[in-house]
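Hi,

Here is the model I promised to pass on.

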Amino acid sequence: MAQIRVEALDKSFGNFHAVKSASFTVEDGQFLCLLGPSGCGKTTTLRMIAGLELPTAGTIRLGGEDVTMRRASARDIAFVFQLFALYPHMNVRQNIGFPLKCEGISAAERDRRVTEAARALRISHLLDRSVSGLAGGDRQRVALGRAIVRQPKCFLMDEPLGALDTEMREEMIEELRALHDRLGATTVYVTHDQLEAMAMADVIAVMNNGCVEQLASPRDIYDRPASLFVADFIGSPPMNFLPFRSSLAAGVRAVRLGDSEVAIPAAREALAESDLVLGVRPEHVRFSDRGMVRGEVYGVEYLGTTQIVTVTTAYGALKARSPASMPFRTGENVGLDFRADTLSIFDQHSGRAIRTTLHEGGLHG
Amino acid sequence: MAEVEIRAVTKTFKTTRAVDDLSLTIRDGEFVALLGPTGAGKTTTLRLTAGLELPDHGSIHIGGRDVTREAPAERDVAFVFQQYSLYPHLTVFENMAFALRAPGRRLPEAVIRTKVEEVARLLHIETKLENKATQLSGGQMQRVAIGRALVRSPSIYLMDEPLSSLDAKLRGEMRLELKRIQTDLGATILYVTHDQTEAMTMASRIGVIEAGRLIQIGTPRDIYENPVNAYVAARLGQPAINLLPADLFAGVPLMARTIGARTEHLTIAPGGAGVPATVKRIEHLGDQSHLHLDVAGQPVVTLSDPEARLGVGDTVTLNLNNPLFFDADGTRIAA
């Protein structure tokens, strides 16, 4: 196993700048997710690490060694794709063992490693079955098995769960993370699904327009988003954004939103008057008769333990997550309050998070 | 709109019984969601109602009329498929007007225009009417597909996972919109999904389906709070209900073999009386955090209380708070 170090990686396809100076380090044994919408450059970044694309500039180090210009086959990496192509004429055992056969590894050693991989994936009972009759989840386990048996320095995965339905995907998320905890293999995982990233990653690199917008733990990405884009992309339902215009002095603990004062984490920088955005997560919106923001209930979505209440206000439609036991009627008039210590403030134009006691640091890079 | 009744319908494909003696009434103006995993028989039920499949036994009635032997076109139903297939060479307006211009309808052009514009407004695509279908994003295309069904006023809308090809954010928006539109129009909808969130948030009643049989039907709250068996209980709730051996806790009913415990059924305290548990992992999923506990070797997952400040390795005590009980067959029994 090994550390992966990506430094100032750039990739252009003709006029299209797909990846712009991406830098990050995946420590030995860490699970990093490259997360972002389609076209953000995450798959291109992964393919460069694999050696399937050559970068326009920058370096890639694997276990300290510069592999930037090395062929894919010389990198000791295993790649798992979204569309797993299994050999239909081989059974599960032969499919998993195939990469080892190609490397000329003895039958006894092959058998030992296939058995071990199958045990890790809990598919020992399927080893002698034909792959054609397998369910989607099991097919993906076989594809993973083919990557595991090679015992590579690291795993690169490109949306391996994208083709599965909801229930199967949730099950596989649990399994993949448990497998990672057992094998401790350095992993880079590409996905556009925030739930997969939040549930599995040690570190998430959120990408947008070819740039790494934030590199942090799932918790930090969620609680302290570095930009409007990250705040909007992570969270379901997404963060509420309330636009306002104000100046800001270092140390202030409240901002004016229309006629009302909203308490915020103390500002750590001063700003001239500009267009700002207050960011509030749905679970940090509270219902209160004395609430500063008033509105009308537009819809209620029951989720069992909790419910999502959409309220139309002067700042647009705001979503609140509340216990399902609270009764709401459509059309009802309500007041809203926000949990002060959790609020984010962004600059409307640059999208950057304003530094506060919550948001120390600001944008990555 | 009209009441639709499925009476004791069975459908077999070769040796597979896809739908097994299924009866279901969708009341006028009701939104019924059929929920179940892939292969449970949801889509077949929908296709039988549409007339795209013929039942082996049983009958289908729309507005009191037996339509079992009628062709799809005679049934006055509108179908929305998972894969929206729009006419790429036509504009959004023409795509939506297409069904209204079908030979035999002969609606005046002014009536068609009014109807299409009204539905386009509901779906927030009124500014896209002159665009070619291919110039739209995925979410807009699916709105057009839904709009094509909405411009008609059929007895019932049949929808087969219409939101599953959209991304998470758009799906969330469309859930709220679709429910809003259904309420405003008083539309009757039979909706098929494997996504519990869609079923819970939109349906007036949810029908839980397993191996071609309707196991339970009721309001989302009813299904969530009063499931008839462990299978139904496991379909709803995030994190999923914990199904635990009955001997893990004291004071369970005599016949109970399994305890069904959701977050709201578990009281977690830093100490005191109760069953000891160890914190294995706290999973921050963003909008909620899952607390993974180990209780005598059994994994238990609950929503973690952000105020509780628990850490990995901490020992806590668990107490039950009106949980569900199931017997050896998984059937629910009284507390």
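This is a predicted model: local features need pLDDT of at least 70, side-chain atom pairs count only at pLDDT 80 or more; totals for chains, interfaces and linings use all residues.

**What I found**

In chain A, the residue that A:L34 bridges to in β8(A) is A:V190. The strands behind it are β3 (residues 31–35) and β8 (residues 186–191) of chain A, which run parallel to each other and share five bridges.

Both strands belong to an open sheet in chain A with six strands, ordered β6-β7-β8-β3-β9-β10, and the pairing in it is mixed. If you look at the two ends, you'll find β6 (77–80) and β10 of chain A at the edges; each has a single partner strand, so one side of each has no neighbour in the sheet. On average, neighbouring strands here are turned by 15 degrees against each other, if you ignore direction.

Now for chain A as a whole. It has eight helices and 20 strands, and its C-alpha trace spans about 75 × 45 × 35 Å along the principal axes. Of its 365 residues, 43% are buried. Among the contacts in chain A with a separation of 6 or more, 64% are between residues 24 or more positions apart.

Next, the cores. The largest nonpolar core holds 101 residues, and the members that touch the most others are A:C33, A:V188, A:M200, A:A205 and A:L278. At least three residues of this core come from each of domain 1 (4–223) and domain 2 (229–347) of chain A.

On to the domains. Chain A is assigned domain 1 (4–223) and domain 2 (229–347), and their C-alpha centres are 38 Å apart. Seven residues of domain 1 and five residues of domain 2 make up the contact between them in chain A. On the domain 1 side, β9 (203–208), β10 (211–216) and α7 (218–223) of chain A are the elements giving two or more residues.

Chain B is assigned domain 1 (4–235) and domain 2 (242–333). The C-alpha centres of these two lie 38 Å apart. Here the contact takes seven residues from domain 1 of chain B and eight residues from domain 2 of chain B. The side belonging to domain 1 of chain B has six nonpolar residues, one polar and no charged ones.

Last, where the chains meet: 28 residues of chain B are in contact with 25 residues of chain A. On the chain B side, α5 (168–185), α6 (196–202), α7 (220–225) and β14 (275–284) each supply at least two residues. Which of them gives the most? That is α5(B), with seven residues. The chain B side as a whole divides into nine nonpolar, nine polar and ten charged residues.

Cheers

Terms used
Residues are numbered from 1 along each chain as its sequence is written. Chains are lettered from A and ligands numbered from 1 in the order in which they are written. A nonpolar core is a set of buried Ala, Val, Leu, Ile, Met, Phe, Trp, Tyr and Cys residues joined through C-beta atoms within 7 Å. A residue is buried if 20 or more other C-beta atoms lie within 10 Å of its own, exposed if 12 or fewer, and partly exposed in between; C-beta atoms are placed from the backbone. Domain bounds come from an automatic or database domain assignment. Two residues are in contact if their C-beta atoms, placed from the backbone, lie within 7 Å. Ala, Val, Leu, Ile, Met, Phe, Trp, Tyr, Cys and Pro count as nonpolar, Asp, Glu, Lys and Arg as charged, and the others, Gly among them, as polar. Helices (H or I, at least four residues) and strands (E, at least two) are DSSP runs, numbered from the N terminus. Two strands pair if DSSP finds at least two bridges between them. Axes are lines fitted to C-alpha atoms, for helices over the stretch in contact, and angles run from 0 to 180 degrees between N-to-C directions.
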